[in-house]
Amino acid sequence: MVAAPREHLVTAPGRPARRGGLRTLVGTFLGYAVLVFFALVFLYPFVIQTANSFKTEADAAAHPLSPVPDPFTTAAFTKIFDSTAFPLWIGNSILVTLLITVGRVFLDSLAGYALARLSFRGRGAVTVMIVAVMAVPGVVLLIPKFLVLNQLGIYNTYTALVLPLLVDAAGVFIMRQFFLSVPPSLEEAARMDGAGVFRTYWSIILPMARPALITLTILSFQASWNEFPHTVVAVQSPQLFTLPRGIANLVSGSLGAGTQYPLKLGAALLATIPVAIIFVVFQRYFVRGAAEGGSKE
Amino acid sequence: MAEPAARRRGGIRGNEATAGWLFVAPAVLILGLFLVLPIGMALWVSVSGWNGQGSPFAPGVPFVGAQNYADLFLADGLTRENFMISIRNNLYYVAVAVPAQTLLALALALVVNQRFLKGTSFFRTAFYFPSVTSSVAISVVFLFLFANSGAVNALLAMIGISGPAWFADPRGLLHLALGGLGLVDVADPPAALTGGGPFGLSWWEWLAGPSVAMSTIIMLVVWTTSGTFMLIFLAALQDVPVQVEEASLIDGANAWQRLRHVTLPMLKPALFLVVTLGLIGTWQVFDQVYVMSQGKPANTTLTPAYLSYRTAFTDFEYGVGAAISFVLFLIIVVMTLLQRWIMRDRDEVRPRRRWWPRRGSTS
């Protein structure tokens, strides 16, 4: 605020620089060494995965580390589409992901808005329930979820794959926090003009909530595309397998006999690509989601 | 919060109350039906002898009281043995994975946060990328990396080490370390340790450590979670006021002193969040076990989460499976509370009503 201490601050780092010029250089070098090393650790497995899915089985076994397929072949991918149910899994995954993402974005924002803005009896109780549900570890719910799906007679159906995941407590909470952070003046004006609650929500609130809705869309897409444990207790028939379930079966089931690494790596690669593209394009929304919602598992 | 009922029907507040309930109804219904109600149903199943035939609420299903729970803790038998082995495996898993992922995430965040380094946003993205990919797809990649003729063993061969058959190796790391130091003979462990021990497992078995096979799953999980936790630390680091750092610089603190006495204390809430999420997450490992090992070899990658699934869906002992789920739930709750108590800050006045996990406390 005042000029004097600022000058002081500017000169302060200069002082050690006289004797520490070399030390800064060494520090920079070490910093980059650490960054590059870990970048390799975190990314090279994906390079290996991609390269090996274009190799022959013999080449993959002999030179697993090499990033260059020799010879280059797309045999694994031909086989994925011809001799596994991969196209079916993709279709199921797209359907389930679309439904869940649309459902979550709409229902989570609706509930989040009501909890932040509308006053109704029982609002506090509902908020507590949402937060409590968020704290229940998902794996503990595997058998309970199966029980209820079985009891309702929807076990082993598309409904079982989609309906239980249509609302996600963390999403409701993120939306609630977002709406709490926006000033209410705009919607109050609209309401004074006689617009109904839903009308106000639909034409005033939702357009305003775009950044939060994008975050929620991306998180929902990623979570439902990758969802695995739920499919294990919701469906049994191979006709209803999504990509993660199908690949898990391909690897661990009787089909997984033999190595066939190019095939397995290729299938896993294809399942990773959509999320990878979304991640690269919408990176900052992922980062915001991680910071706001804590980690989901 | 208790808004008085609208005096006039159709008033703005009256509409609001109806709309409020309509807006939250789908969420309440779905969460209630598929998350809250099932817990009640599972509670009944865990005290029943239901075998998966028909409805668990049909009149013929026997009530067995605490029998299923007793089988896990008291009765000598295969059920208790498997359960205790899974608990042992997961204890070692938590003991290695939580410190490893926390320290790695913190270290990465500290380096990425250095202002004198350029291009850190690329590295931040690179470190975070594994966290957003599918656990199943990543497990497939690690199956290949750690295969007998896989990338890791090829790497080890380059420096003259002959790598193990990772997924087929049930030897415990602690046993290997004790044997390597010459403290015990692994082939013929001391009778004092093999003679007996708590819960039907000998002390020798309790002291196995994570198996070689389990260590691959630990590496996989540390690799995928560190990126997310790094972001939590980064968010907290960016909240550390520049003035504080500069002041300590003027006071002549060196880099280590600044880290130890300035940065780390300010990261305490983030550290708390990361350790809590880590403890909750590591007790839930399921996908990786399902894809990579199914509990093999010799049950050394068996975890309570996977065991509860296997007991119910392969052995059709739904009662025991549900009981394992509830014990696991209890373990996670106790771990969280214990951790909360250990890391409590006496100086901090904490609002008493916030008993739930502090989601979003880093933003």
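# Asking how we know: a predicted two-chain model

Me: Pro71(A) sits in the loop between α2 (57–62) and α3 (75–83) of chain A. What kind of peptide bond joins Asp70(A) and Pro71(A)?

Reply: The bond is cis, with omega about 0°. Keep in mind that this model is predicted.

Me: What is omega for the cis bond from Lys296(B) to Pro297(B)?

Reply: For that bond, omega is near -10°. Pro297(B) belongs to the loop between α14 (287–292) and α15 (304–313) of chain B.

Me: Ala298(B) is in the loop between α14 and α15 of chain B too. Why is Ala298(B) called exposed?

Reply: Compare the value with the cut-off. Exposed means over 50% relative accessible area. Ala298(B) has 60%, so it counts as exposed.

Me: What is said about phi of Ala298(B)?

Reply: Phi is near 50° there, which is a positive value in a residue other than glycine. Phe316(B) also has a positive phi and is not glycine; its value is near 60°.

Me: Where is Phe316(B)? And why is Phe316(B) called partly exposed?

Reply: Look in the loop between α15 and α16 (318–342) of chain B. Now the label. Buried needs under 20%, exposed needs over 50%, and partly exposed lies in between. The relative accessible area of Phe316(B) is 47%, so the label is partly exposed.

Me: Why does Thr216(B) count as buried?

Reply: The cut-off for buried is under 20%. Thr216(B) has 0% relative accessibility, so it is buried. This residue lies in helix α10 (residues 212–237) of chain B.

Me: Which residues are in contact with Thr216(B), leaving aside its neighbours within four places in sequence?

Reply: They are Phe142(B), Phe146(B), Trp166(B), Phe167(B) and Met292(B). Contact means heavy atoms within 4.5 Å.

Me: Now chain A. How many helices and strands does chain A have?

Reply: Chain A has 15 helices and zero strands. Of its 297 residues, 52% are buried. Take its contacts with a separation of 6 or more: residues 24 or more positions apart account for 71% of them.

Me: Which three residues supply more than any other three of the area chain A buries against chain B?

Reply: Leu35(A), Phe42(A) and Ile143(A), with 8% of it.

Me: How many salt bridges and polar contacts are counted between chain A and chain B?

Reply: Zero salt bridges are counted. A pair would need a side-chain nitrogen of Lys or Arg within 4 Å of a carboxyl oxygen of Asp or Glu. Polar contacts join ten residue pairs, both residues at pLDDT 80 or more. The distance limit there is 3.5 Å between N or O atoms.

Technical notes:
Residues numbered from 1 in each chain as written. Chains lettered and ligands numbered in written order. Predicted model: local features only at pLDDT ≥ 70, side-chain atom pairs only at ≥ 80, totals over all residues. Heavy atoms only, no water. Helix = DSSP H or I, 4+ residues; strand = E, 2+ residues; numbered from the N terminus. Buried < 20%, exposed > 50% of the residue type's maximum accessible area, 1.4 Å probe, protein only. Buried area = accessible area lost by both parts, 1.4 Å probe. Polar contact = N/O pair within 3.5 Å; in protein donor to acceptor, adjacent residues only side chain to side chain.
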